Amino acid sequence: MLNNTEIRYCMDQMGEMFPEAHCELNHANPFELIIAVSLSAQCTDVLVNKVTKDLFEKYKTPEDYLQVSIEELQNDIRSIGLYRNKAKNIQSLCRMVLDEYGGEIPIDRDELTKLPGVGRKTANVVVSVAFNIPAIAVDTHVERVSKRLGICRWKDSVLEVEKTLMRKIPAEEWSVTHHRLIFFGRYHCKAQNPQCPSCPLLELCREGKKRMKAKAAVNG
């Protein structure tokens, strides 16, 4: 497991590699963000942005999503995985936002997780990106990088990964760290083809060293 000095070094290196790391889901307000994040489950941000380009032109408010049939909404997001379930959740979410929150997206994370289709990860993204409240949302990239580097244990749950990162990283850096970990995992430490040979963190990375050793054995 990495110590605090090593974790600091890793975060600084990621910051140098991806100084512009940010939320890549296109949105103009908290409502559009929560719709985009809901659509992004098991789906790439690129595809979500492609779909929301037209979706956000057609639907501006929670009322707009409720004025069409479920079939029409499904058709509008058909190219996205799990579109039937996501369409149902979006309409239920819109109904609850209108009935319970006066048409406004709640700022509180616990309130956000009461919304249909909104889990802890989505809530953390919304409070962090839309409301500038420090949070670390653990998606597949954040979890993979944290475990490969040895910041967290392999057996840690998603919640345990989040709590470990919150404990080991200063609160004022949570949001930017979340984005840097995502960019590092999405563009460098990829699931199938991590760029270990060119990685500035190789000497600290237990998984990277193991991969390089295995590669050398095969080539040797």
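## A walk around helix H11

Let's start with Thr 177: leaving aside neighbours within four places in sequence, Thr 177 is in contact with Met 11 and Ile 169. Keep in mind that this is a predicted model. Thr 177 sits in helix H11, and it counts as buried because its relative accessible area is 2%. Look across to Met 14 as well: the C-alpha atoms of Thr 177 and Met 14 are separated by 8.6 Å, although the two residues are 163 residues apart along the chain.

Two packed helices are described by the angle between their axes and the distance between the axes. For H1 and H11, the angle is about 70° and the axes are 9 Å apart. Angles from 65 to 115 degrees count as roughly perpendicular, so H1 and H11 get that label. On the H1 side you'll find Met 11, Met 14, Gly 15 and Met 17, and they meet Thr 177, Arg 180, Leu 181 and Phe 184 in H11. Sorted by class, the residues of this contact come out as 5 nonpolar, 2 polar and 1 charged.

H11 also packs with helix H9, which covers residues 140-149. Here the axes come within 8 Å and cross at roughly 80°, and H9 and H11 are therefore roughly perpendicular to each other too. From H9, the residues involved are His 141, Val 142, Arg 144, Val 145 and Ser 146. Their partners in H11 are His 178, Leu 181, Ile 182, Phe 184, Gly 185 and Arg 186. The class breakdown for H9 with H11 is 5 nonpolar, 4 polar and 2 charged residues.

Now for the rings. A search of the whole structure finds 5 aromatic pairs. In one of them, the rings of Phe 18 and Phe 183 have centres 5.9 Å apart and planes at 70°, so this pair is edge-to-face. Phe 18 is in the loop between helix H1 (4-17) and helix H2 (30-39), while Phe 183 belongs to helix H11 (residues 174-187), so the pair links distant parts of the chain, 165 residues apart. Both Phe 18 and Phe 183 are buried. Phe 18 also pairs with Tyr 187, this time in a tilted arrangement, 6.5 Å centre to centre with 40° between the planes. Because Phe 18 lies in the H1–H2 loop and Tyr 187 in H11, this pair ties together parts that are 169 residues apart in sequence. Phe 18 is buried at a relative accessible area of 15%, whereas Tyr 187 is partly exposed at 39%.

Finally, the nonpolar cores. The largest has 37 residues, and those with the most contacts inside it are Ile 34, Ile 35, Leu 55, Tyr 65 and Leu 112. The elements giving two or more residues to this core are H2, helix H3 (45-58), helix H6 (83-101) and helix H8 (120-129). Take Ile 34: beyond its neighbours within four places in sequence, it is in contact with Leu 93, Ile 105, Leu 112, Leu 115, Val 118, Thr 122 and Val 126. A second, separate core of 26 residues includes Ile 136, Val 138, Cys 152 and Phe 184.

Definitions and conventions
Residues numbered from 1 in each chain as written. Predicted model: local features only at pLDDT ≥ 70, side-chain atom pairs only at ≥ 80, totals over all residues. Heavy atoms only, no water. Phe/Tyr/Trp six-rings, centres within 6.5 Å; stacked < 30°, edge-to-face > 60°. Helix = DSSP H or I, 4+ residues; strand = E, 2+ residues; numbered from the N terminus. Buried < 20%, exposed > 50% of the residue type's maximum accessible area, 1.4 Å probe, protein only. Core = buried A, V, L, I, M, F, W, Y, C linked by side-chain atoms within 4.5 Å. Contact = heavy atoms within 4.5 Å. Axes fitted to C-alpha atoms, helices over the stretch in contact; angles between N-to-C directions. Parallel < 35°, antiparallel > 145°, perpendicular 65-115°, else oblique. Nonpolar A, V, L, I, M, F, W, Y, C, P; charged D, E, K, R; others polar.
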